[in-house]
Amino acid sequence: MGIWSRLVGAASNDMPAELVVVIDRESVSMGDDAQSHRSELRLQAGSLLSDLVERSSPDVRVQGWSWVAVVDSTVVAVWSVDHGVVLLVPDRPLTVSDPDGIVQVRFRFLGQLDPTWLHARLAQGAPLDREALTAEHAPLARAVLEHERREREAATTARLLGPTCVRALEHLGAVVDLHSDVLCRFDIGGVAWQVERRDSMTVVFGRGRQSPLASLRPVGLAERWVLAVLAVDRRTADGLDPLPDAPVRAGAEPVQLMVAGRARAVEGSSGAVVAQLRDARDVGSLDLVLGRDLDEVVALFSLSGPGA
């Protein structure tokens, strides 16, 4: 039975006084799949459709996330923390003609699509196709993110990477495009790099890859490692030995190390210093900077003085 047969219709003496609403929602992540999201609630017959959507709205409430409410196979509304219920159909009182009085409500998760934009596109007749809508929304999302990043850069004098690190990057030929307290984005030889703070970790992107090259803690380790990796890449391109002739200071700075998803036990590590690397080839750079401060790393790779 479709939703429109449950909406405004002729009253019946045997119509139930309550509607049984069976609710379900899509998962927002792999971990969210571990438990059922199915639940039930009861509404008085004649309750508004908008009230039904609001009272059955998802328990996952994150600002900027969009959900689409589907009632008895009909797309009826966009719901978000930001705007609540925004209907795609006229609001009407719910009635039923069957004695069970069951209404099925399912919420589709549309992620970080702007709720206002999503409502407008669905109201214009766009199909409820998550992949197509996400692809269409992507340029807008990138523009909004870039605007937020530029605003943050202008609003604070704090910077993620210190001046010694930035000067060394510029010595290697880096052109810094954006630098705030949580993000440093730069270009070296036409290749984009990005160092980004995420909670307690500093995540590094580069070499034209979409996934991170490394996730490190604390940020001081990230500074030293980034300089070493870029210097090693430059030495390799110049036909030199990748690593300079310098001793590894084994055990000087115990680190909890993971390479390509596999843990490497390091005796005495407290867990305060963490390095998660994508490629085994970058372990040498890590070994070289452990136990050395930033000035020592700069001197080790000759990253002071006139730039490249």
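Predicted model: local features only at pLDDT ≥ 70, side-chain atom pairs only at ≥ 80, totals over all residues.
Me: How much space lies in the largest pocket?
Reply: The largest pocket holds about 620 Å³ of space.

Me: And which residues lie nearest its centre?
Reply: Q112, A141, V144, L145 and E148 lie nearest the centre, out of 17 residues that line the largest pocket.

Me: Which helix gives the most to that lining?
Reply: Helix α3, residues 130-155, gives the most to the lining of the largest pocket, contributing nine residues.

Me: How does the lining divide by class?
Reply: The lining of the largest pocket comprises six nonpolar, five polar and six charged residues.

Me: What volume has the second largest pocket?
Reply: Its volume is about 280 Å³. Among the residues that line the second largest pocket are R185, W193, F205 and R209. Strand β9, residues 191-198, gives the most to this lining, with five residues. By class, the lining has three nonpolar, four polar and four charged residues.

Me: Changing topic, how many aromatic pairs are found in the whole structure?
Reply: The search finds two aromatic pairs.

Me: Are W67 and F109 buried or exposed?
Reply: W67 is buried, at a relative accessible area of 1%. F109 also counts as buried, with 12% relative accessibility.

Me: Which residues do ring pairs link into a cluster?
Reply: The cluster consists of W65, W67 and F109, linked by ring pairs.

Conventions
Residues numbered from 1 in each chain as written. Heavy atoms only, no water. 1 Å grid on protein atoms, 1.4 Å probe; cavity = no way out; pocket = protein on both sides within 12 Å on 5 of 7 lines; lining within 4 Å. Points joined across faces, edges and corners; volume = space filled by probe spheres on them. Helix = DSSP H or I, 4+ residues; strand = E, 2+ residues; numbered from the N terminus. Nonpolar A, V, L, I, M, F, W, Y, C, P; charged D, E, K, R; others polar. Phe/Tyr/Trp six-rings, centres within 6.5 Å; stacked < 30°, edge-to-face > 60°. Buried < 20%, exposed > 50% of the residue type's maximum accessible area, 1.4 Å probe, protein only.
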